[in-house]
Amino acid sequence: RRLRKAPNQHFYDVISNGYGAMYPYSDRVKPADRWAIVAYIRALQASASASPSDVPPEKRSALR
């Protein structure tokens, strides 16, 4: 719950500077790629609580 409410900058900073046992990746991952990772984290968070009704009706047949 806490991380769902965290600002995007939090994830970017953790990727850049590390946190706890996580190694900093600022010298290995370009800034644009770090933002792409943040977007992926948000997509994973959203998908964890998604239901078929969240998918537009015209795309639901692809779920089967």
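Select Gln 45 to begin: leaving out residues up to four places away in sequence, Gln 45 touches Leu 3, Arg 4 and Phe 11, where contact means heavy atoms within 4.5 Å. The model is predicted, so local features need pLDDT of at least 70 and side-chain atom pairs count only at pLDDT 80 or more, whereas totals for chains, interfaces and linings use all residues. Residues are numbered from 1 along each chain as its sequence is written, and side-chain values use heavy atoms, with hydrogens and water left out.

Gln 45 lies in helix H3; helices are DSSP runs of H or I with at least four residues, numbered from the N terminus. Is Gln 45 buried or exposed? Its relative accessibility is 15%, and Gln 45 therefore counts as buried; the term means under 20% relative accessible area with a 1.4 Å probe and protein chains only, while exposed means over 50%.

Next, display helix H2 (residues 8-17) together with helix H3 (residues 31-48). Their axes come within 9 Å and cross at roughly 125°; axes are lines fitted to C-alpha atoms, for helices over the stretch in contact, and angles run from 0 to 180 degrees between N-to-C directions. The crossing of H2 past H3 is right-handed, which is to say that the near helix is turned clockwise from the far one by less than a right angle.

Now show the side chains at this crossing. On the H2 side, Asn 8, Gln 9, Phe 11, Tyr 12, Ile 15 and Ser 16 take part, and they meet H3 residues including Trp 35, Val 38 and Gln 45.

Within H2, colour the buried residues: Phe 11, Tyr 12, Val 14, Ile 15 and Ser 16. The buried residues of H2 pack against helix H1 (2-5) and H3.

Then select Val 38. Apart from neighbours within four places in sequence, Val 38 is in contact with Asn 8, Phe 11, Tyr 12 and Ile 15.

Finally, move to Ser 61, in the segment after H3. Ser 61 counts as exposed because its relative accessibility is 55%. From Ile 41, Ser 61 is 20 residues away in sequence and 26 Å away in space, C-alpha to C-alpha.

Conventions:
Helix = DSSP H or I, 4+ residues; strand = E, 2+ residues; numbered from the N terminus.
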